[in-house]
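Here is a briefing on a two-chain structure. Please go through it with the sequence and coordinates at hand.

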Amino acid sequence: MKQNSVALSTVEVEYIAAGACCAQILYMKQTWLEYGVVVHKVPLLCDNESAVKLANNAVQHSHTKHIDIHHHFLMDYVAKGDISLESVGIENQLANIFTKPLDEARFCMLRNELNMLDLSNFTKKMKLCVVLVNRFCFAHHAYQK
Amino acid sequence: MDCKPIKTPMATNGHLDLDEGGNPVDKTLYRSMIGSLLYLTASRPDILFSVCMCARYQAMPMESHLIAIKRILRYLKYTSFLGLWYPKGARFQLVGYSNSD
C-alpha cells in the first residue's frame, strides 16, 4: 500500500492500518452475505492497545486529534457492532508472518496457525482428524447459541 | 535440485537493500522467478513476505537479491509437503488481524 502521509506515532499508524483492515472485512462480510452467511461483530485483532482504546472510546486527545476524519470511519463500524476491535498479544499476532522476517520457532508456530498442513501423507488418519475438528466446532457453535 | 535445505525462507536480520555496488543479474530470469513464486503464494502464504520483499528489487536485481530468492527455493525444497486444504463442510469464521509496517 502506498503511504500518503507521515504518521507521528505508532498509535496513528496502527489505527490507520486497522481502518484499512476494517474495509477489507466489510468487503468480505458483503461477499459472505451473498452466500447467505451473516456475521456480526467480526473480531479485528490489533496489537496496539492504544489504537484499540481510541476506536472504542471516541475522546479527543492532544496526540490523536490531528488524525484525518476519514480514518475515523473505523469508529462508526465498531459502534454499529459490525466489527469488534480487540487487542492481541504480540505472540498471537498472526499478521506478523506477513510483515517481518521471523526466526524459526516463531515462523513455524505462525505457519501452523495459518492451518498449513502436511499433505504428503493425506490418509485416513487425516480424515479422522478433520471429522474430530468439525465435531468440536459444531459443539462450540451449539454452546455459543 | 541437490541444494541444502533450510527451515525459514528469509534470514531474521535480512532486510534487503538496493545493493547498488553489487553484481547485476539477468533481469528476465529474476522476474520470471518472482512470477513463479508469486503464483505459488496462493497455496503457500508462508513465503508471501519473503517473495514480496524480493519483488521490490526487480527493477535492478543484483546478485544478493538472487541469493535471497534461492534461499526461498531452498526453503520450499525443505517444506514441499506443506499446503493449504479447504475441507468440504467445514465451519468457518471471519477474524481479521491488523498490523502496520
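Which residues of helix α2 (residues 48-55) of chain B are buried? They are B:F49, B:S50, B:V51, B:M53 and B:C54. The model is a predicted one. The buried residues of α2(B) pack against α1 (27-40) and α3 (63-78) of chain B.

**Chain B overall**

- Chain B has three helices and two strands.
- Their order from the N terminus is α-α-α-β-β.
- Of the 101 residues in chain B, 30% are buried.
- Take the contacts in chain B between residues at least 6 apart in sequence: 76% of them join residues at least 24 apart.
- Along the principal axes, the C-alpha atoms of chain B fill a box of roughly 55 × 35 × 25 Å.

**Contact between the chains**

- On chain A, 40 residues are in contact with 27 residues of chain B.
- Five elements of chain A each supply at least two residues of the side that touches chain B: α1 (10-34), β1 (42-46), α4 (104-113), β3 (117-118) and α5 (124-144).
- The largest share of that side, seven residues, comes from α1(A).
- By residue class, the side of chain A that touches chain B divides into 26 nonpolar, seven polar and seven charged residues.
- Strand pairing also links the chains: β3(A) and β1 (residues 82-83) of chain B are antiparallel, with two bridges.
- Within β1(B), B:L82 is the bridge partner of A:D118.

**The three-stranded sheet**

- An open sheet of three strands takes in both chains, in the order β2(A)-β1(A)-β2(B), with parallel pairing.
- From one strand to the next, the twist averages 25°.
- Helix α1(A) packs on the sheet and touches β1 and β2 of chain A together with β2 of chain B.
- The direction of α1(A) makes about 155° with that of β1(A).
- Five bridges pair β1(A) with β2(A) in the parallel sense.
- In that pairing, A:V42 stands opposite A:I83 of β2(A).
- Three bridges join β1(A) to β2(B), again running parallel.
- The bridge partner of A:C46 in β2(B) is B:S98.
- Strand β1(A) is mostly covered, with four of its five residues buried.

**Nonpolar cores**

- The largest nonpolar core has 25 residues.
- A:A18, A:L44 and A:A55 have the most contacts inside this core.
- The elements of chain A that give two or more residues to the core are α1, β1, α2 (49-56), α3 (73-80) and β2.
- Of these, α1(A) provides the largest share, eight residues.
- Leaving aside residues up to four places away in sequence, A:A55 touches A:Y15, A:A18, A:L74, A:M75, A:V78 and A:L85.
- Another core, of 19 residues, lies apart from the largest one.
- Among the residues of this other core are A:I97, A:L110, B:L37 and B:I72.

**Positive phi in two loops of chain A**

- A:K41 is not a glycine, yet has a positive phi of about 45°.
- This residue, A:K41, sits in the loop between α1 and β1 of chain A.
- Is A:K41 buried or exposed? A:K41 counts as exposed because there are 12 C-beta neighbours inside 10 Å, and the cut-off for exposed is 12 or fewer.
- A:N115, also a residue other than glycine, has a positive phi near 65°.
- The place of A:N115 is the loop between α4 and β3 of chain A.
- With 10 C-beta neighbours inside 10 Å, A:N115 therefore counts as exposed.

**Confidence in chain A**

- The pLDDT of chain A averages 82, and 81% of the residues score at least 70.
- Which element of chain A has the lowest mean pLDDT, and which the highest? The lowest is α5(A), at 56, and the highest is β1(A), at 92.
- Where pLDDT is low, predicted coordinates should not be read in detail.
- One of the elements on the side of chain A that touches chain B is α5 (124-144).

Note on methods:
Residues numbered from 1 in each chain as written. Chains lettered and ligands numbered in written order. Predicted model: local features only at pLDDT ≥ 70, side-chain atom pairs only at ≥ 80, totals over all residues. Contact = placed C-beta atoms within 7 Å. Nonpolar A, V, L, I, M, F, W, Y, C, P; charged D, E, K, R; others polar. Pairing = 2+ DSSP bridges. Axes fitted to C-alpha atoms, helices over the stretch in contact; angles between N-to-C directions. Core = buried A, V, L, I, M, F, W, Y, C linked by C-beta atoms within 7 Å. Buried ≥ 20, exposed ≤ 12 C-beta atoms within 10 Å, placed from the backbone. pLDDT = per-residue confidence, 0-100.
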